[in-house]
Amino acid sequence: TVSIFKNSTIVSSITPISSEIPSKYNLYQNFPNPFNPSTNIKFDVPKSDFVTLEVYNSQGALIKTLVKDNLAQGTYQMSFNGSDLSSGIYFYKLMTSNFTETAKMMLIK
């Protein structure tokens with residue numbers, strides 16, 4: 001486990017899942033989707049970089065910051081627990097020094 005970010009009573013961890021060096025930045029679709037109450041978010045970092053991964057509600061308000069750290073190159077998986085959130089559409093956004101991508105996920109309770 002690379003880092004842990006505590007937000008309220010939720011503890012999330014990020015785990016490197018491959019020793020292969022990815023060729024480009026990539027944000028994968030979360031799995032499972034729809035989810036209840038937790039899902040996994042996977043992303044690639046082709047070079048060491050400062051990485052931020054955030055979750056927003058459908059109105060664009062920041063709900064949680066999952067990652068805000070310098071990460072080495074690799075493929076990572078983040079577990080996200082939405083047990084304290086209501087059902088609905090949420091967006092997760094990966095940001096680095098020269099890459100930004102957003103994807104949609106659905107929480108069904």
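Predicted model: local features only at pLDDT ≥ 70, side-chain atom pairs only at ≥ 80, totals over all residues.

Residues are numbered from 1 along each chain as its sequence is written, and side-chain values use heavy atoms, with hydrogens and water left out.

**Exercise 1. Find how many helices and strands the chain has.**

Solution. Start with the rule: helices (H or I, at least four residues) and strands (E, at least two) are DSSP runs, numbered from the N terminus. By that rule the chain has 0 helices and 9 strands.

**Exercise 2. Work out the strand order of the open sheet of 4 strands.**

Solution. Strands pair if DSSP finds at least two bridges between them. With antiparallel pairing, the order is β6-β5-β8-β9. Next, look at the edges: β6 (62-71) and β9 (100-107) each have a single partner strand, so one side of each lacks a neighbour in the sheet. From one strand to the next, the twist averages 15° (axes are lines fitted to C-alpha atoms, for helices over the stretch in contact, and angles run from 0 to 180 degrees between N-to-C directions). Now zoom in on one pair: β5 (residues 49-57) and β8 (residues 88-95) run antiparallel over 6 bridges. Within this pair, T52 stands opposite M95 in β8.

**Exercise 3. Decide whether N57 is buried or exposed, and find what N57 touches.**

Solution. Then apply the cut-offs: buried means under 20% relative accessible area, exposed over 50%, and partly exposed in between (1.4 Å probe, protein chains only). N57 has 17% relative accessibility, so it counts as buried. For contacts (heavy atoms within 4.5 Å), leave out residues up to four places away in sequence; N57 then touches I63, I89, Y90 and F91. Finally, the N57 side chain reaches the backbone nitrogen of A61 at 2.9 Å.

**Exercise 4. Find which side chain is joined to that of K64 by a polar contact.**

Solution. K64 belongs to strand β6 and is buried, with a relative accessible area of 4%. A polar contact is a pair of N or O atoms within 3.5 Å; within protein, one must be able to donate a hydrogen and the other to accept it, and residues adjacent in sequence count only if both atoms are side-chain atoms. The partner is D84, with a polar contact of 2.9 Å between the two side chains.
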